[in-house]
Amino acid sequence: MTRPTPPAARPFDLETTATTVSTWLNEADRVLITAGAGLSAAAGYDYADTARFQELFPALHRLGLRSRYLVGVPLPPALLWGYWAVHIDDIRFDSTPNPLYQRLRTLIGSKDHWVMTSNVDALFVRNGFAPDRVFTPQGDYGRYQCTTPCTATTWDTQPLIECLLAAYDPHTGAVTDPAALPRCPNCGGDVKINIRIGPEFVDAPYLPAGRRLQDWLNAADIETRLLILELGAGFNTPGVIRHPGERLIRAFPHARLIRVNPTRPEVPAGLSDRALPLPADAGQLLNALIPSPCGPVPSHAPDRYGLRLATEPTPKRPGAPRHQAE
């Protein structure tokens with residue numbers, strides 16, 4: 001018996017699909033943007049980018065590491081905090097606007113909307129989305145916590161990162177001053193970045209936004225035309241983004257789901273014509289929806305650390321990499 005062709009393998013016309021996206025957006029009463037790592041990757045912050053990793057972390061590259069996915073890698077504290085300092089400075093504390101996120105904000109316009117994202121880089125808030133309408137259940141690189149934890153309090157990461165970078169040696173990849181290595185302000189113990197990795201994760205900073213999002217959903221009646229625009233959410237943490245979105249579509253009979261994912265756009269068969277699989281990344285979709293006289297959304301991050309094309313010589317830059325204007 002001939003098997004049906006999976007949705008992602010069927011002929012796909014981006015312009016036609018973009019027209020459907022635009023129509024669904026215009027018809028929606030409310031929009032819930034849900035986003036995973038694929039959105040930030042499309043915006044130029046790809047954790048699997050080995051060339052970028054080698055540029056920013058040459059010492060770790062010499063040790064055989066090739067990407068920013070370092071959870072569980074047993075690094076000594078001086079190397080671990082050297083990595084966190086450069087990584088978070090690059091990803092979280094840059095003031096340069098990101099064109100993809102800004103065009104997404106333009107696309108949503110004045111629609112009543114919320115954001116729920118597994119990303120911890122604050123790119124939504126940094127590019128025009130209201131902070132009180134963004135729920136980040138997986139945490140935020142902008143906070144750190146006691147590892148134990150001894151308290152539900154978390155602290156601002158930016159002063160910590162600045163202190164670490166002041167003592168950072170880019171050649172060795174290590175923080176050279178032991179006094180710069182962070183300790184818990186409350187108990188003096190070890191600290192960690194406030195992101196969801198294990199049961200010790202402190203979720204207190206994010207619960208109020210989660211409750212406000214739930215209130216917003218509860219206020220919608222059965223006739224509400226809710227549109228879920230899911231961008232770059234895969235199967236690393238499907239229970240955070242993909243599965244809740246599917247449950248919401250089933251709960252609201254007039255709701256619709258647009259799933260934008262270049263490799264895993266499939267949608268449950270039971271959602272029928274209320275779910276649209278779009279096998280592309282967010283940049284491709286936005287380029288089709290909002291043509292720009294300045295050209296397409298770039299597929300790479302701004303060159304803030306002296307990164308050059310392979311055909312160009314890379315000038316030596318002493319000292320720790322710092323943002324010049326993730």
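I began with aspartate 29, which forms a salt bridge with arginine 225, the closest N and O atoms being 2.9 Å apart. Aspartate 29 sits in the loop between helix 1 (14–27) and strand 1 (30–35) and arginine 225 in the loop between helix 8 (207–218) and strand 9 (226–231), so this pair ties together parts that are 196 residues apart in sequence. I noted that the model is a predicted one.

I then looked up how open these two residues are: aspartate 29 is partly exposed, at a relative accessible area of 33%, and arginine 225 is likewise partly exposed, at 42%.

Next I turned to aspartate 90 and arginine 52, whose side chains meet in a salt bridge with an N to O distance of 3.3 Å. This pair links distant parts of the chain, with aspartate 90 in helix 5 and arginine 52 in helix 3 (residues 50–56), 38 residues apart.

Arginine 68 lies in the loop between helix 4 (58–62) and helix 5 (77–91), and with a relative accessible area of 7% it is buried.

I also checked aspartate 190, which forms a salt bridge with arginine 183 at 2.8 Å between the closest N and O atoms; aspartate 190 is partly exposed at 47%, and arginine 183 is partly exposed at 46%.

Last, I noted that Arg30, Asp112 and Arg133 are linked in a network of salt bridges, and that the structure holds 12 salt bridges.

Key. Residues numbered from 1 in each chain as written. Predicted model: local features only at pLDDT ≥ 70, side-chain atom pairs only at ≥ 80, totals over all residues. Heavy atoms only, no water. Helix = DSSP H or I, 4+ residues; strand = E, 2+ residues; numbered from the N terminus. Buried < 20%, exposed > 50% of the residue type's maximum accessible area, 1.4 Å probe, protein only. Salt bridge = Lys/Arg side-chain N within 4 Å of Asp/Glu carboxyl O.
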